[in-house]
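Please look over the sequence and the model below before reading on. The paragraphs after it are meant to be read beside them.

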Amino acid sequence: MRLTVIGCSGSMSGPSSPSSCYLVQAEGPGESGPRTWNVLLDLGSGAFGALLGHLDPAELDMVVLSHLHADHIVDMTGLQVYRRYHPAGALRPVRVLGPDDTARRIRAVSGDEDDEDLSAEFAIETFAPGTVVEVGPLRIEPFEVEHPLPAYGVRVTGPREDGTGEGVLAYTGDTDLCEGLGPLARGADLLLAEAAFQEGRDAVRGVHLTGRRAGQVAAAGEVAGLVLTHQPPWNDPAVAAREAAEVFDGPIELAAPGAVWAI
C-alpha cells in the first residue's frame, strides 16, 4: 500500500498545491488477474487536474469524502464531467463513500438541479461508524471526528508494500482533538494529520488541529510516523512540525504534492 499526495493545501488551494486530495494504491487480485486498486481520499479545489498527472481517473475504484466542505469535494464536479462526457463513451459509475448529504452537496457545487440523477457517474454510499468498507485488498473504516459539520477520519488497512503482512494508514480529515482520533490512529504505520491551526494564534476550538495537537494524537496512538498536512497558504509548515516535535518523538514529515510514502 502506498500514499501519494495530490494536494495538501488547507482550506483553499495554494500557490504550490491544490487543496486536499490523497491517492491510496495497493496491489491485489481483480476479476481478470492481479491489478492496482486506486482510492482517493478527498478531491478538493485544483486536485482533479493534478490527479491527471498521476492516474487516469477512469481507473479510480472509490472516492472517500471525509466531509463536505468545498476544499475537500469541489473537484467532484470535474470527475462528474470526466465520467459523463468521456470521448470513449460514458464511464461506469465510481463508488463514492461520504457523509449522509453527499449527493445533495455534489449537486450544489455542480450547479445541478436538486433532483439531478448522479447514479450514472457516482455510486454513493454513506459512512456508518463501525462498518468496514472493502475496496479490493483495502479495508476502510470511518471514525466520527469533531468539525463544524459531520466529518470522519478514515483508517485504511491494506497489504504492505514490501509484502510482509498488512499496514495501516490513518487520515484525520479535518478535526480538533476528539474521542474518535484514539481508535483511528492506534498503532498506525502512518498518521496523515491535518494541522491547520497554530498554538497561540488560533484560539477557536472544534475546527482544526495544531501541530502540537496532531503530535499528541500520534504519541497517544504510538504511530510509526506522522505526516502533517492541510497547511493554509498563510502558514509556515515548519511551525507545525516544531509544535508536533515537542510532544512526539517519532519521525515527522510535511506533506507536499507528489510526495509518496510506502506503507
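What follows goes from the cores to one helix, then to an aspartate and to the salt bridges.

This is a predicted model, in which local features need pLDDT of at least 70 and side-chain atom pairs count only at pLDDT 80 or more, while totals for chains, interfaces and linings use all residues. Residues are numbered from 1 along each chain as its sequence is written, and side-chain values use heavy atoms, with hydrogens and water left out.

The largest nonpolar core has 29 residues, and Leu3, Leu41, Val64, Ile140 and Leu169 have the most contacts inside it. Another core lies apart from it, with 22 residues, including Val168 and Leu181. Such a core is a set of buried Ala, Val, Leu, Ile, Met, Phe, Trp, Tyr and Cys residues joined through side-chain atoms within 4.5 Å. Buried means under 20% relative accessible area, exposed over 50%, and partly exposed in between (1.4 Å probe, protein chains only).

Helix α4 covers residues 102-110, and its buried residues are Thr102, Ile106 and Arg107. Seen down the axis of α4, these fall within an arc of 135 degrees, so they line one face of the helix; the arc is that of the directions from the helix axis to the C-beta atoms. Helices (H or I, at least four residues) and strands (E, at least two) are DSSP runs, numbered from the N terminus. After α4 comes glycine 111, with a positive phi near 80 degrees.

Aspartate 42 sits in the loop between β3 (33-41) and α1 (47-51). Which side chains does aspartate 42 meet in a polar contact? One is that of histidine 72, at 2.8 Å, and another is that of tyrosine 171, at 2.6 Å. A polar contact is a pair of N or O atoms within 3.5 Å; within protein, one must be able to donate a hydrogen and the other to accept it, and residues adjacent in sequence count only if both atoms are side-chain atoms.

A search of the whole structure finds 14 salt bridges, each a side-chain nitrogen of Lys or Arg within 4 Å of a carboxyl oxygen of Asp or Glu. In one of them, arginine 205 and aspartate 176 meet at 2.7 Å, N to O. This pair links distant parts of the chain, 29 residues apart. Arginine 213 also forms a salt bridge with aspartate 176, with the closest N and O atoms 3.0 Å apart. Aspartate 176 is buried, at 2% relative accessible area, whereas arginine 205 is partly exposed, at 48%. Asp176, Glu199, Arg205 and Arg213 are linked in a network of salt bridges.
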